[in-house]
Amino acid sequence: MTWRPQYRSSKYRHVFGKPATKENCYDGVPITRSVHDNHLCTVNPRFIAVITECAGGGAFLVLSINHTGKVDPHHPKVSGHRGNVLDIKWNPFNDFCIASCSEDTTVKIWDIPEHGVLKNITVSQKELQGHSRRVGLIEWHPTADNIIFSTGYDYQVMVWKLDVPEQVIKNPVRSISVHSDVVLSMSFNTDGSRLATSCKDKKIRVIDPRTGTLLQETDCKSHKASKVLFLGNLKMLLSTGNSRWNHRQIALWDQEDLSQPSYSEDLDGSSGVLFPFYDPDTHMLYIAGKGDGNIRYYEISPEKPYVHYLTEYRSLLPQKGMGVMPKRGLDVCSCEIFRFYKLVTIKSLIETLSMIVPRRSESYQEDIYPMTAGNKPSMTSLKKNKNYIFIYWLYVLDEKSSSTTYVRNGQLDSTHCSPPKTENELRQMFYKQQEEIRRLKEQLNQKDVRIKQLELEIKNVRNSQANL
């Protein structure tokens with residue numbers, strides 16, 4: 001019998017990067033010369049925002065997403081910080097709300113007019129004062145509205161609740177003190193129940209953001225992490241950093257066991273920080289290096305060998321930072337599955353780069369656009385209101401029989417007992433039920449992925465038998 005090599009079937013094997021023409025890029029943007037290792041750019045379907053170089057204080061530029069071509073050097077800016085702006089992030093549930101943090105130790109929330117920034121904006125909607133040193137990172141909660149996390153050079157991660165009447169908020173909801181050095185990156189899992197951080201002490205930590213409890217911590221000498229990312233519902237973490245020989249390296253971790261990486265790969269000997277980007281809909285991982293012109297991309301699977309290299313986009317223009325368009329802003333007619341906005345400092349240019357799945361048909365390709373995250377929050381910030389607790393905590397009380405229905409091991413279990421009487425008991429019940437629901441959803445997603453893989457394998461076997 002003739003030996004045939006076993007190829008892994010993938011609809012994303014031939015994905016390619018398509019840069020926009022110069023007319024469809026943003027030219028003449030005074031990109032910041034800051035050496036801070038952040039993305040420096042954030043995008044939503046309406047606007048693109050980029051941190052800019054300015055004299056006296058800090059500022060960033062907000063442009064309409066369609067405002068391509070040459071940018072007016074005197075274009076109005078958002079300039080209310082007294083120190084350099086270090087990070088900016090759009091609110092995932094409001095395309096007209098953006099957060100920024102700065103060396104002046106504050107985080108500010110800004111309202112952007114519907115028609116864009118027509119004059120300099122210097123007054124913020126909210127100002128968050130709590131850090132004692134400069135604030136380097138901010139991250140919106142992925143499912144709860146009006147919740148933002150910040151971390152600074154005081155080693156604290158602070159949780160802020162924004163739906164309060166005060167314009168200046170001085171007390172965070174929670175301050176998480178589990179780090180011994182500066183936090184370099186933060187990442188939430190899909191439902192926001194876990195927060196992963198990488199720190200200057202080269203360790204990765206997994207934290208419960210509700211309680212601030214440290215759940216997991218790496219103690220691996222062979223990988224020095226600089227950036228960390230949750231990989232959707234796969235219960236895995238991806239980190240980029242350096243090996244003990246100072247090669248740039250990626251590593252994959254089981255979120256429940258951070259003692260040793262499940263997978264690691266040395267990439268090259270360059271010195272720039274590697275920015276990871278993950279698309280949970282296509283299970284594709286993109287790795288872009290600061291100061292590089294290339295972007296590597298991979299496909300992630302829940303089973304060994306986990307990481308499958310696809311190919312690499314190459315360019316002569318080095319990127320200083322990157323912005324990513326949310327899925328709801330992509331062009332489905334051209335089979336676009338991801339879009340980068342590359343900051344090219346040497347040319348004062350923001351270049352648009354679309355990742356395209358080549359298809360002959362011009363009709364909508366349903367198989368490459370599964371259900372994705374929308375712009376509506378699934379919950380609001382926690383209130384001390386028992387009606388709210390009953391609505392969102394999936395607690396069912398039968399008044400006639402005084403029986404309580406719980407979700408246990410995926411089944412409804414009715415027990416005749418008195419209902420919880422205190423808010424503490426309700427909260428504990430809620431956390432247990434939420435954890436069980438999250439676990440069942442993850443199991444269901446993993447089984448769906450496995451079913452699709454088996455269907456593909458059966459199809460490949462039938463094709464190979466037909467060719468014999």
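## The model

What you see is a predicted model, where local features need pLDDT of at least 70, side-chain atom pairs count only at pLDDT 80 or more, and totals for chains, interfaces and linings use all residues. Numbering runs from 1 along each chain as its sequence is written, and side-chain values use heavy atoms, with hydrogens and water left out.

## The chain overall

The chain has two helices and 34 strands (DSSP runs numbered from the N terminus: helices are H or I with at least four residues, strands E with at least two). Of its 468 residues, 49% count as buried, meaning under 20% relative accessible area with a 1.4 Å probe, protein chains only.

## The nonpolar cores

A nonpolar core here is a set of buried Ala, Val, Leu, Ile, Met, Phe, Trp, Tyr and Cys residues joined through side-chain atoms within 4.5 Å. The largest one has 31 residues, and Phe 60 and Tyr 341 are among those with the most contacts inside it. Strands S3, S4, S5, S8 and S30 each give two or more residues to this core, with S4 supplying the largest share, five residues.

Apart from it sits another core of 22 residues, including Phe 277 and Met 322.

## A look at Tyr 298

Tyr 298 is part of strand S27, residues 295-300. Is Tyr 298 buried or exposed? It's buried, because its relative accessible area is 1%. Beyond neighbours within four places in sequence, Tyr 298 is in contact (heavy atoms within 4.5 Å) with residues including Ile 250, Glu 265, His 283 and Tyr 309.

How values were computed. Buried < 20%, exposed > 50% of the residue type's maximum accessible area, 1.4 Å probe, protein only.
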